[in-house]
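Open the model in your viewer and keep the selection panel handy. We will walk through it one stop at a time.

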Amino acid sequence: METAKFLLMTYGLMAIIMGGFIGSADQLPRSFLVFRDIGRAAQPDELVEIPPNHGIGQSFLCNFPNLSGIGFFVSSATGKPYGTLRFHLKESSWAAHGLFSATILSGELKPQNKPYELPLKQDLKRGFFYYVEWPPLADSQGKHYYFYLETAQNSDLKGQGSETVKVGKSKGNLAFITCCAWTGTLTEVGRYFWDKLNQDRPFWVGYGLLLLVTLAAIAANLPWRHKKGARGKGQEQT
Amino acid sequence: MPTMDQKTSQRTLLKWSLIGLAIRFLIMPFTMHTWDILFIYYFPYQGLKHGIFDIYHFIQQNFPDFHVPYYPPLAYFLTLGFLAILKFFLPQLDHFFGLFETWISTHGIGGGTIQYASLLANTQLYRTLFFLKIPYLMFDFGTAFLLFRLAKDLDKGVLCYQLWMLNPALLYDVYAVGQFDVIPVFLTTTALYAAVRNKKEWAVIFLSLGGLVKVYPAIFLPLFWILLGENMKERLKLLGVSLIPWMIVLIPLYISSNGYVLDSIFITHMLYNVTGGPIRKVLFIAGYACLLVSVVRGGAVACAKRVPLVNVTYLNALILLVFLLYILVGLTKFRYLVWLSPFLILAIAQDQKLAWLGVALLVFLAEVHLSGNQVQWGLFDPICPTFFASLPIMDSFLVAFTFPLAMIHKVSYFLFLGTTVVIGYRVWKRRNSY
């Protein structure tokens, strides 16, 4: 009996802790509140080289607002590119202007510790996902984007080492992961939930009644009610 | 401690049934895991819509690129039956599965819970999740009732019932994720009940039926043939009886689907995900063979001593040991713990120290396997997809503050293996105490 009560108390405590965490979630650093949209942290099918002064690109459709980062698979066997790797994000491959660019120096191209990069990358052999991040693009939902990687050779160090970056590809596409940030408030979460509830009121009325009846029945069957009843009966009998 | 009387036990069971119901109702409408429950019901939905008996041939014809086999035939027919009734409560079911169909035709079976929760947000998602999980309650409470009856006395029976009502593996796998593992669990428990009541043929039939829902109950058939059959003739008879459900169901489907139905049983290209590589398979077979030898020897000893071997404790111990062997050498997932949970609960009723070991097992395996948002906060994506999908889990903080997460997971995994061995040892030691 005690085991069961212990389990029930544990569930109650977990519910309180979870509720407390959710209630304070909007106080967390925003770097923690990121979710993955497209892609999985899975081993790509093949590795391809980006030769010096060349590029490789990928287009995608973003499903959610606040696109804030992309991770692409880099081979561990990437030689140290004696130069730089540049990341560009545009609205399409022919767009004149880019939305974001980043320069990744050869010493920076190594595994990072991102809180949203779970499950663990231990299943990733031969490489890792490298994430480039930027301020969230609020209107990204339903939009197409194009990102590409290009290597720029350092002419001073030409010929002094491996100058290629190897990236992963799966089913013909670059192996990549898109990340979106949650920038809302708990009020917005509540409002979203309330809107969805309102779309199906008959169900919620029925569900609410069912839950109420169940809880009332539990209350009616609590021990104190029966002990009181038993005492009353005993007294009558004596 | 005074033994409970009949009336008090009935009242206690009622109270805990209501508590169990309340917990389930609170979880059911708000949780899902990727495409699990959608995949389970999508093909029965097609079956209902088009009047299909052989879903395997239908999949072969209409979804040739599908690399995921559907579940065994009885799973299909049961969910078809459920949906035939549930559809009256789900007016937007066509819209619901229409959107799912459009998604999989573009993206295949992929995507996370956030994608599906967002896609289906305006199709009475909460109502659909709630009603699709309602049929599981029958098997859930049926199992609880069987555990109550299998226990030795009222006190232990009530304990088993309570633990089942609060079973975290069950609540997670069935009501949060939406899988139907409770059905083969119910059938395996019924097989144990029938065996203990000396209904030998029914015992093997229930195991066979369980194997036609999800394959794993079939692994106990050799144990049951040897244990329940008093001589070779009877064992062969039980073998024959256990094949009857498979022949009735599989032969017509094999013919009509050109053999494609066998993929649902042998799941060859996915078997690795469940059993692991060759070494793990060999270890499991070796361990299982040792158990069979012990059963044969135990039968001979019991016969010599003129004592019954088939009793709840012994049979339960054997079933539990097979499961423990699997989770020790196979590729187990957290939600597979629901398979062994009724048998562990029965063992806990005999040896209450096992309760703490059971909790430890859950905790260590959770640390190893529940290591992503989708299997934790992400289950609640239907409430608000982008919010719950972005919530960090404990491991997220460990990663961000450069704790050696891989090491923590390795240690948890070894602790999990150690706990499994300790549970197995205690169960083995007490297998003959009745």
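The stops below go from a helix to aromatic rings, then to cavities and a pocket.

Before you start, note that this is a predicted model, in which local features need pLDDT of at least 70, side-chain atom pairs count only at pLDDT 80 or more, and totals for chains, interfaces and linings use all residues. Residues are numbered from 1 along each chain as its sequence is written, chains are lettered from A and ligands numbered from 1 in the order in which they are written, and side-chain values use heavy atoms, with hydrogens and water left out.

**Stop 1: helix α16 of chain B**

Select residues 278-305 of chain B to show helix α16, where you will find B:Ile279. Helices here are DSSP runs of H or I with at least four residues, and strands are runs of E with at least two, numbered from the N terminus. B:Ile279 is exposed, at a relative accessible area of 66%. For that label, exposed is over 50% relative accessible area, buried is under 20%, and partly exposed is in between, with a 1.4 Å probe and protein chains only.

**Stop 2: rings and charges**

Across all chains there are 71 aromatic pairs. B:Phe284 and B:Tyr288 make one that is stacked, at 6.0 Å centre to centre with 20° between the planes. Rings of Phe, Tyr and Trp (its six-membered ring) pair if their centres lie within 6.5 Å; planes under 30 degrees apart are stacked, over 60 edge-to-face, and the rest tilted.

Next, show B:Arg431 and B:Trp428: the charged end of the arginine sits over the ring, 3.6 Å from its centre. Then move to B:Lys214, which lies over the face of B:Phe180 at 4.9 Å from the ring centre. The rule for both is NZ of Lys or CZ of Arg within 6 Å of the ring centre and within 35 degrees of the ring normal.

**Stop 3: the cavities**

How many cavities of 30 Å³ or more does a search of the whole structure find? The search finds 5. On a 1 Å grid over the protein atoms alone, a cavity is a set of points where a 1.4 Å probe fits but cannot get out, a pocket is an open set with protein on both sides within 12 Å along at least five of seven lines, and lining residues have an atom within 4 Å of a point.

The largest cavity holds about 270 Å³. To centre on it, select B:Asn167, B:Pro168, B:Leu344, B:Ile348 and B:Leu362, the closest to its centre of 19 lining residues. Helix α18(B) gives the largest share of this lining, 6 residues.

The second largest cavity has a volume of about 110 Å³. Among the 13 residues lining this cavity, B:Thr313, B:Ala347, B:Gln350, B:Val427 and B:Arg430 are the closest to its centre. The most, 4 residues, come from α17(B).

**Stop 4: the second largest pocket**

Finish at the second largest pocket, of about 2,000 Å³. Select A:Tyr11, A:Met14, A:Ala15, A:Met18 and B:Phe380, which of its 46 lining residues are the closest to the centre. Helix α1(A) supplies the largest share of the lining, 14 residues.

Definitions and conventions. Points joined across faces, edges and corners; volume = space filled by probe spheres on them.
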